[in-house]
Amino acid sequence: MKILLHDIAHARSGDKGNRLNIGVFAYRAEHWPILLEQVTEERVLAIYRHRGATRVVRHVLENIHALNFVIDDLLEGGVNSSLNVDGHGKTNSYRLLGLEVDLPESLAASANVRREIRP
Amino acid sequence: MGCGAGFSGDRVDAPQAVVAAIAASGKRGAIMFETLGERTLALGHLARRNDPNSGYEPLLDEFLRPILPTCVAAAIPIVSNFGAANPMAAAHKIRAAANALGLRALKIAVVSGDDVRESIDLDRLERWEGDDVNDTVPGEIIAANVYLGAQQIAQALRAGAQVVVTGRVADPALALGPLVAHFGWDWNDWDLIAAGTLAGHLLECGAQVSGGYFADPGYKDVPDPANIGFPIAEVSANGDIVMTKPAGTGGRVSTMTVKEQLIYEIHDPANYLTPDVTLDVTGVKIDEIAADRVSVRGARGKPPPRDLKATVCFPGDWLGEAEISYAGPNALARARLAADVVRRRLAMRGLAVRARLDFIGIQSVFDSDTSDLQNAFQGEVPEVRLRLAASAADRDSVKQSVQEVLALYCCGPAGGGGVRTSIHNRIRTASYLVPRHMVRPKVSFL
């Protein structure tokens with residue numbers, strides 16, 4: 001079933017210059033493979049490309065079941081030159097959590113699913 | 001190690017519970033305050049130009065006065081970068097506060113040497129790779145400060161300082177300094193220096209590790225968020241850390257809060273560069289050992305980078321913002337018409353600004369400067385707030401642009417209300433690599 005990444009993961013973003021990092025964390029160990037397989041550099045770049053993002057590097061932290069995405073050029077030059085209300089880009093962790101992921105039916109009961117996405 | 005503030009503007013009543021908890025523990029402890037963002041220092045330099053006795057943390061008194069008596073009585077040193085652009089003036093201000101509280105002969109140390117504005121030649125320095133290095137940087141330097149490490153802080157504490165005031169230092173150094181001073185760790189024992197740096201990294205944003213910046217109702221709940229306890233790291237001589245917070249406070253310390261902060265503003269988790277050590281967190285183990293007690297072990301260290309990083313601040317452009325609300329039937333259509341009118345007016349009047357129009361309530365923070373997401377939105381909303389952002393090197397064209405939103409009151413679509421406008425000057429920053437031999441950090445006592 002299709003769900004929001006928000007149902008199985010939490011996230012936090014932080015900025016340095018024109019580079020943003022977003023840490024994404026599985027709530028439960030059984031969802032970790034879903035993050036690894038479905039939350040890819042390509043998919044993350046795709047949701048920020050409209051703002052000029054040029055590159056995404058994904059670091060895997062197996063020890064804490066987390067992915068760290070480092071995104072270049074998303075912040076329109078960074079907080080010193082951006083015209084965005086959120087010049088630091090702090091809200092962007094929740095754009096990433098809005099990604100759809102496919103949750104195997106066998107794990108359906110394990111997720112905090114509020115809203116199944118139907119085609 | 002406790003933390004009393006994670007940024008300039010943090011809750012000023014939070015440090016008291018942290019100090020009380022350390023005092024009641026019967027163990028040795030110190031409290032750090034991290035109040036110096038990248039641009040905060042430039043603002044300090046600008047303030048100092050107008051008044052040579054200013055340029056330090058504006059909330060210094062509010063943070064310190066309530067805790068100074070307990071800190072002195074319980075021998076809890078205070079370590080902070082609230083010296084900003086003028087650590088010596090901050091030290092004098094602390095002296096005055098201490099005297100007013102009857103705390104005579106407080107030993108206040110000042111760490112200086114981070115300010116390299118007079119001594120560097122930017123043309124001969126390498127830009128840090130995280131910057132857009134093709135970006136040309138304008139002439140006048142407002143501030144240039146190197147991130148110092150923890151050695152001078154430790155030196156000051158071993159010499160008996162009760163308060164250590166710094167300018168720019170790496171944020172985790174505010175914890176590492178006291179830990180090295182207490183345990184006598186070898187600066188070349190990389191894993192221990194890494195552990196102390198990790199403790200500092202987890203503490204440096206204050207409540208962000210103890211339930212602040214975390215709540216997501218129904219998913220991640222935080223008890224009593226109006227009274228979040230600021231964090232305490234209980235560090236052992238072998239570098240093991242237990243993250244916790246004062247009893248009787250709100251907030252939450254869990255594996256989740258610690259994980260979120262572990263990689264906050266970190267890029268490569270195997271190579272977090274600080275002046276004292278290169279920290280690798282990929283082997284860190286995080287375990288909840290009791291309610292609001294989380295064990296953090298396994299930081300690994302490697303030698304630090306050859307050069308130090310300096311943040312250099314330059315005058316930036318002017319940013320003007322103006323907002324107006326539309327609500328009720330056909331609200332979005334009226335807001336879109338208003339945006340169109342503003343765009344046309346800026347063009348008609350030849351105002352040379354970079355401009356962006358947001359529809360707050362539909363898509364704004366996630367949108368591009370060209371409103372791709374907003375344009376794709378169809379449907380009605382109960383209300384929407386139109387926002388213009390305009391920037392330029394000259395203030396006047398920004399001011400004229402902002403006034404076009406104000407003029408919508410009488411000339412724009414029906415039912416617009418609640419105009420607010422603001423204009424402010426920005427500061428640009430760039431990062432450079434400075435060879436260590438060019439930097440001479442120093443400790444002096446007031």
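This is a predicted model: local features need pLDDT of at least 70, side-chain atom pairs count only at pLDDT 80 or more; totals for chains, interfaces and linings use all residues.
In chain A, four strands form an open sheet in the order E2-E3-E5-E4, with antiparallel pairing. Strand E2 (9–16) and strand E4 (55–61) of chain A are the edge strands, each of them pairing on one side only. On average, and with direction ignored, neighbouring strands of this sheet are turned by 20 degrees against each other. Between E2(A) and strand E3 (residues 19–26) of chain A, which run antiparallel, there are 8 bridges, and among the residues concerned Ser13(A) has Ile22(A) in E3(A) as its bridge partner. Helix H2 (residues 41–48) of chain A packs on the sheet, where it touches E4 and E5 of chain A, and its direction makes about 135 degrees with that of E4(A).

In the contact between the chains, 40 residues of chain B touch 28 residues of chain A. On the side of chain B that touches chain A, at least two residues each are supplied by helix H9 (255–262), strand E12 (285–290), E16, H11, strand E17 (383–392) and strand E18 (417–435) of chain B. The residues of this side comprise 14 nonpolar, 9 polar and 17 charged.

Chain B is itself divided into domain 1 (2–113 + 148–304) and domain 2 (315–428), and the C-alpha centres of these two domains lie 40 Å apart. Helix H7 (residues 173–183) of chain B is mostly covered, with 9 of its 11 residues buried; these include Leu174(B), Leu176(B), Pro178(B) and Val180(B). The buried residues of H7(B) pack against strand E2 (31–33), strand E3 (78–80), helix H6 (151–158), helix H8 (190–203) and strand E8 (232–235) of chain B. Just after H7(B), Gly184(B) adopts a positive phi of about 70 degrees.

Most residues other than glycine have a negative phi. Asp73(A), although not a glycine, has a positive phi of about 65 degrees, and its place is in the loop between strand E5 (66–72) and helix H3 (93–96) of chain A. Asp73(A) counts as partly exposed because it has 18 C-beta neighbours inside 10 Å. Ser371(B), likewise not a glycine, has a positive phi of about 60 degrees and lies in the loop between strand E16 (354–360) and helix H11 (372–376) of chain B. With 20 C-beta neighbours inside 10 Å, Ser371(B) counts as buried.

How values were computed: Residues are numbered from 1 along each chain as its sequence is written. Chains are lettered from A and ligands numbered from 1 in the order in which they are written. A residue is buried if 20 or more other C-beta atoms lie within 10 Å of its own, exposed if 12 or fewer, and partly exposed in between; C-beta atoms are placed from the backbone. Two residues are in contact if their C-beta atoms, placed from the backbone, lie within 7 Å. Ala, Val, Leu, Ile, Met, Phe, Trp, Tyr, Cys and Pro count as nonpolar, Asp, Glu, Lys and Arg as charged, and the others, Gly among them, as polar. Domain bounds come from an automatic or database domain assignment. Two strands pair if DSSP finds at least two bridges between them. Axes are lines fitted to C-alpha atoms, for helices over the stretch in contact, and angles run from 0 to 180 degrees between N-to-C directions.
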